[in-house]
Amino acid sequence: MLKLKRFLKDYKKNIIIGPICKLIEAVLELLVPLVMASIIDDGVRVGNTSYVYKMGGVMVLLAVAGLASALVCQYMASRASQGVGTKIRRELFKHINTLSHNELDMLGTPSLITRMTNDINQVQSGVAMSIRLLTRAPFIVVGAIVMSMIINLKMSVIFLIATVLIGITLYLVMSRSIPIFSAIQKKLDRIGLISRENLSGNRVIRAFSKQDSETQRINNATEDLAKTSIRVSMLSALLSPVTYAVTDLSIIAIIYFGAINVNIGGGMLSGDIIALVNYMTQILLAMIVVANLVVLLTKASASAERINAVFETKPSVVEKNHSDIIIPDDKNISQVKFDDVTFTYNSDGDDELTDISFEIKKGQTIGIIGGTGSGKSTLINLIPRFYDVKKGAVLVDGVNVKEYPFIQLRKQIGIVPQQSVLFSGTIRDNMKWQNENAADDDIYKALKIAQAYDFVSKLPKGLDSFVEQGGKNFSGGQRQRLCIARAITGNPKILILDDSFSALDFATDAKLRMALAENTKDMTVIIVTQRCSTIRNSDLILVLDDGCLAGKGTHEELFENCETYREICLSQLSETEVKG
């Protein structure tokens with residue numbers, strides 16, 4: 001929790017005034033037993049009715065003043081906790097966006113969502129309760145002990161013993177609860193993962209009639225969470241009965257020894273005993289609050305640790321420059337160059353790409369083909385620097401991608417990923433992602449090139465048609481074409497199509513490739529595909545096999561000289577069709 005204290009710096013007034021108001025309430029509360037004792041000893045015992053009414057009025061004033069102080073504290077705590085929660089959420093989201101693909105893969109989407117929501121809520125509650133109760137409860141306990149010493153020093157020993165016993169109980173429960181609460185948050189991550197998979201893959205689950213097995217899977221996860229939660233709840237449940245038992249025994253001791261002191265003339269009055277019982281009751285209530293506070297702060301502490309783990313995760317891909325660099329104005333420089341590139345996702349893992357070297361000239365159309373897992377997507381992810389190479393260099397316009405600021409590099413590149421992702425809003429909103437100033441004419445041109453104009457123009461609202469989350473109100477082929485149009489609208493120097501024709505029929509595929517060839521003459525186009533027919537007319541074809549460059553050249557050259565490419569082609573077309 002202390003590592004997150006920097007988010008409290010704008011709420012210093014709240015975290016000072018709040019506890020002060022709560023301390024004022026506590027002081028007023030500690031005065032009540034004394035007033036009550038005086039009412040009994042100086043009013044009721046001697047029959048002074050006017051004194052009883054007078055002191056009764058004082059008690060009412062103490063209650064009203066205490067209520068006012070509590071309300072001010074509540075307001076300050078709410079402002080601070082909600083503000084801190086908002087700041088943490090913003091900073092965490094901002095930090096997550098600085099992480100590279102490698103860190104995001106490691107942390108996992110479900111876990112990050114849980115940390116952004118549930119964990120921050122726990123910290124928020126911890127801040128609010130700390131401002132409201134963290135100072136009040138200990139002050140009540142210490143104040144009650146001091147007041148008991150003022151009333152009768154010998155009787156205060158009972159208070160000291162009771163407080164120590166309850167404190168030991170709190171420590172034992174707290175020290176054993178923190179690891180369990182951390183485990184609970186991890187189990188929530190697991191439930192989030194399963195829920196996400198089931199909701200996004202619902203159609204696949206139904207297609208394979210796996211509802212029962214998936215139900216069992218979520219049942220196992222929730223049962224595991226329930227068992228862990230019950231375990232920590234049973235541990236926390238010990239607090240109240242132990243606290244009550246110690247307090248009740250202390251009250252019995254106060255009454256017993258107090259009665260002896262009153263009867264044998266030990267200098268105590270009946271009101272003193274009532275005051276001591278009230279102080280012990282206040283300690284009981286304060287300790288119950290502390291017990292609940294311990295549970296809450298334990299949860300908040302476990303959540304804060306998870307949040308800090310994200311903040312402490314540093315991106316492996318970082319910018320060297322934040323200002324745009326000067327790009328050499330030389331037409332002979334390659335648009336993209338891989339110079340003996342080797343790459344691995346994990347430092348201790350096997351290489352995903354090994355000794356890859358090739359050059360792409362400006363305006364060329366490049367095809368990348370290979371079997372599943374051959375490293376095609378990995379290779380193109382190195383161009384916009386989603387990952388850093390292990391060895392060698394990737395150059396864009398003759399400059400190492402590590403030298404570019406992220407914005408300058410990625411503004412030159414339009415990417416259509418394997419998974420077609422659209423965002424909720426309108427079609428126009430989605431088309432303007434890379435170029436916010438794109439005119440409708442530019443968007444329509446891109447839609448026509450991507451073969452999406454026909455179905456978009458038939459929609460009642462055209463470009464203003466609503467896109468549901470993930471583009472679920474469009475078919476797979478329509479989503480792919482809209483994603484291609486979005487990339488083209490940005491008018492990038494380099495257009496990367498990562499298996500972006502997979503949901504298109506062959507006729508639409510052919511039309512799209514023809515439109516790209518006619519309208520993107522100055523644009524370097526890189527097409528990753530499984531279909532040899534899609535890239536057969538490319539200026540250069542790269543063939544990947546198990547992370548190695550098995551061949552490069554034109555369709556005819558590779559069909560004659562590259563066995564891997566030849567096998568891929570003949571697995572899809574006859575030899576006559578391939579040569580034709």
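Start by selecting glutamate 223, which counts as partly exposed because its relative accessibility is 43% (buried means under 20% relative accessible area, exposed over 50%, partly exposed in between, with a 1.4 Å probe and protein chains only). Before going on, note that this is a predicted model, where local features need pLDDT of at least 70, side-chain atom pairs count only at pLDDT 80 or more, and totals for chains, interfaces and linings use all residues. Residues are numbered from 1 along each chain as its sequence is written, and side-chain values use heavy atoms, leaving out hydrogens and water.

Glutamate 223 forms a salt bridge with lysine 227, with the closest N and O atoms 3.6 Å apart (a salt bridge is a side-chain nitrogen of Lys or Arg within 4 Å of a carboxyl oxygen of Asp or Glu). Both sit in helix α8 (residues 211-237), four residues apart, about one turn of the helix (helices are DSSP runs of H or I with at least four residues, strands are runs of E with at least two, and numbering starts from the N terminus).

How many salt bridges does the structure hold? There are 19. For another one, select arginine 428 and aspartate 464: their closest N and O atoms are 2.3 Å apart. Arginine 428 lies in helix α13 and aspartate 464 in the loop between α15 (453-457) and β8 (466-467), so this pair ties together parts 36 residues apart in sequence. Arginine 428 counts as buried, at 18% relative accessibility, while aspartate 464 is partly exposed at 41%.

Next, the rings. Rings of Phe, Tyr and Trp (its six-membered ring) pair if their centres lie within 6.5 Å; planes under 30 degrees apart count as stacked, over 60 as edge-to-face and the rest as tilted. By this rule there are eight aromatic pairs. Pick phenylalanine 7 and phenylalanine 311, a tilted pair with 5.9 Å from centre to centre and 35° between the planes. This pair links distant parts of the chain, 304 residues apart: phenylalanine 7 is in the segment before α1, and phenylalanine 311 is in helix α10 (residues 270-311).

Last stop: serine 374, in the loop between β3 (365-370) and α11 (376-381). Serine 374 is buried, with a relative accessible area of 4%. Look for the backbone oxygen of glycine 371, which lies 2.7 Å from a polar atom of the serine 374 side chain.

Methods: A polar contact is a pair of N or O atoms within 3.5 Å; within protein, one must be able to donate a hydrogen and the other to accept it, and residues adjacent in sequence count only if both atoms are side-chain atoms.
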